[in-house]
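I had the structure open today and went through a few places in turn. These are my notes on what I looked up.

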Amino acid sequence: MFVTTADPKLEPPTMTVNTVLSLLALDYPAGKLACYVSDDGCSPLTCFALREAAEFARLWVPFCRKHGVSVRAPFVYFSSSSGAGARDDEFQRDWTAMKSEYEKLVSRIENAHEESLARRGDGEFAEFVGAERRNHPTIIKVLRDSGKAGDGNGIPSLIYISREKSPRHQHHFKAGAMNVLTRVSAVLTNAPIMLNVDCDNFANNPQIALHAMCLLLGFNDEVQSGFVQAPEKVHGALKDDPFGNQMEVFYEKLGFGIAGLQGMFYFGTGCFHRRKVIYGVPPVSTDVQPTRMRVSTSHKELQKMFGSSKELIESARSTISGEMFVTVPTVDLASRTDVAKEVSAYSYEAATSWGQEVGWVYGSVAEDILTGQRIHAAGWRSALLNINPPAFLGDAPTGGPASLTQYKRWATGLLEIILSRNNPILLCISKHLEFRQCLAYLVLDVWPLRVPFELCYALLGPYCLLANRSFLPKPSEPGFVIPLALFLAYNLYNFIEYTECRLSARAWWNNHRMQRIVSSSAWLLAFLTVVLKTLGLSETVFDVTRKEQEGAPDGGDPGRFTFDSSPVFVPPTALTILTVVAIAVGAWRAVSGAAAEGAPAAGGPGVGEFVCCGWLVLCFWPFVRGLAGMGSYGIPWSVRIKAGLIVAAFVHFCTRN
């Protein structure tokens, strides 16, 4: 079980701890489970929190199994459960004692300070002395070893990893971290199945591993189950999805349909992978190619693919040869940390197939979609794990900055895929990605390519009102019916989809306006970022999304749009100001009769142009409120000034003769 975290400030250690505890308490033989936590922030606070969690697990895991706890993330269980009125006195005593221990755990973690832990330089934290986030050797801590003599509590192993980093080497963001986890786990426990979970996605159903095994092992032809993906569900979801990031309609209308093709996409969390599939092993047979060459198990070929580590090569050979239950001999895991550090060095992947044909694929910050495409292109199919209660629950970002940061990262990664040799069209032509699955991937991948077109349409209305022109037919002209019918048909169809998914009209509107906001902000910046990267003028940056377990980022209204001085807010602010100015100018002309007197032969703006601008103002209403708001609910003056300069330049362009 792999858990990834990157920043203890944006991803609080208590959140990571709850995710880890929910995994350690799964209904599955403890000796067959091992949890690896990748800390890309190299934080002694995260390591301290996990060490404390390992001790708390000695109480928590037996408690969950004894009393059949349904949700095994403590912060959820104790917020929705009460020992009062319990079915027996024993449970009430256990519940009260466990809640007290959990509160002590949280208090110890929240009162710990990263600087003081690093300064201590003793025991567990000696290796953090002098370590910088982007420049440090590998740090591996075996916090719990289920196979160690004397540990008979039935608790899975827990291993902390902070991979080696250097400013002189590329680390490939989350994909690099996942490949390190894959190699380290191969030389320590070498389980044939790997579960990948983000630090904010706790296990909501304690039997998820059993359900996943049914799908992974329940087919006569294993090509049907290269990986098993659970839909992303939101814990404590805000009513009516004010930030448009819960994606319920996407999963129910598109995702469940895609599951009937080559299978559900890989979405980076809540996914069970076969180790051999991640190693690039093709299916034994498919309808496309009845006879298929398997990966060679010769030492020379394996060394070329997996690197020079003898232990990793032997581990890979047992996996590729199909001996899926052959694992590393039972030994003290701590005795193998030197081998684990060898395979987690930043230089280990040089001249190997890691990041290309083996492991998580490099070249995009959307490493999940890219890796899933590679697996499907090899001929594998995937399965959907849609169970009740949901397998995993995670957090959706609240506020404007966090939501747009997430969308920017997604769009950046998707555009990188479109512009690479891993383009789904090329994979459909040259490999075994089915045509309909290719089209399904393109539905996602073209998100940022919509930016130039949506921006042009958004600017057409204000331009016409400012320049006293028109681009739409007048109501008296027969052609007026065409844009009106398109507008009504699209929105009506979209609204019906939301009602069929049991969502409200307000949820439909929130998602519709967020699409317009995202396209002019996050997707626009992602588009420019990838264009500059393609021209060699910049590098991609992996933006970590701030995770919040409860409430709003500043303790206010969690459903209200918030702002900061990020450049992502400049384009939509400029578009909002421009639209309001254009409506004011157009209305003044209409009232004063200037439009009739000064209109060119083609005619000035009509009802269509006013409706377009009015619709834009409604879509960008959070920014209209932001122009009048204060604090985090107000748009910063630095953003307003930049947006104002853009608006002034555009107005000058529109009004010049």
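Strand β3. I looked up how enclosed strand β3, residues 139-144, is in this predicted model. Five of its six residues are buried, so the strand is largely enclosed by the rest of the structure. Buried here means under 20% relative accessible area.

Next I checked which strand pairs with β3. I found β4, residues 157-162, running antiparallel to β3, with five bridges between them. For I140 I noted the bridge partner in β4, which is I161.

Binding-site entry. I then turned to the UniProt record. Which residues does it list under "binding site"? The unreviewed entry gives E11 and D40. I noted that the annotation may be inferred rather than shown by experiment. The two are spread over 30 residues of sequence, yet they cluster in space, with a largest C-alpha distance of 11.3 Å.

E11. I located E11 in the loop between β1 (2-5) and α1 (13-24). Is E11 buried or exposed? Its relative accessible area is 8%, and the limit for buried is under 20%, so E11 is buried. I also noted a polar contact from the side chain of E11 to the side chain of T5, at 2.9 Å.

D40. I placed D40 in the loop between β2 (34-39) and α2 (44-67). D40 has 11% relative accessibility and therefore counts as buried. I looked up what D40 touches, leaving aside neighbours within four places in sequence. The contacts are T5, A6, R133, R163, K165, F173 and A177.

T352. My last stop was T352, in the loop between α12 (337-343) and α13 (367-377). With a relative accessible area of 16%, T352 is buried. What does the side chain of T352 reach on the backbone? I found the backbone oxygen of E349 at 2.6 Å and the backbone nitrogen of W354 at 3.3 Å. Not counting residues up to four places away in sequence, T352 touches K304, M305, F306 and G307.

For the page summary, I recorded E11 as buried, D40 as buried and T352 as buried. Each of them sits in a loop: E11 between β1 and α1, D40 between β2 and α2, and T352 between α12 and α13.

Methods. Residues are numbered from 1 along each chain as its sequence is written. This is a predicted model: local features need pLDDT of at least 70, side-chain atom pairs count only at pLDDT 80 or more; totals for chains, interfaces and linings use all residues. Side-chain values use heavy atoms; hydrogens and water are left out. Buried means under 20% relative accessible area, exposed over 50%, partly exposed in between (1.4 Å probe, protein chains only). Helices (H or I, at least four residues) and strands (E, at least two) are DSSP runs, numbered from the N terminus. Two strands pair if DSSP finds at least two bridges between them. A polar contact is a pair of N or O atoms within 3.5 Å; within protein, one must be able to donate a hydrogen and the other to accept it, and residues adjacent in sequence count only if both atoms are side-chain atoms. Contact means heavy atoms within 4.5 Å.
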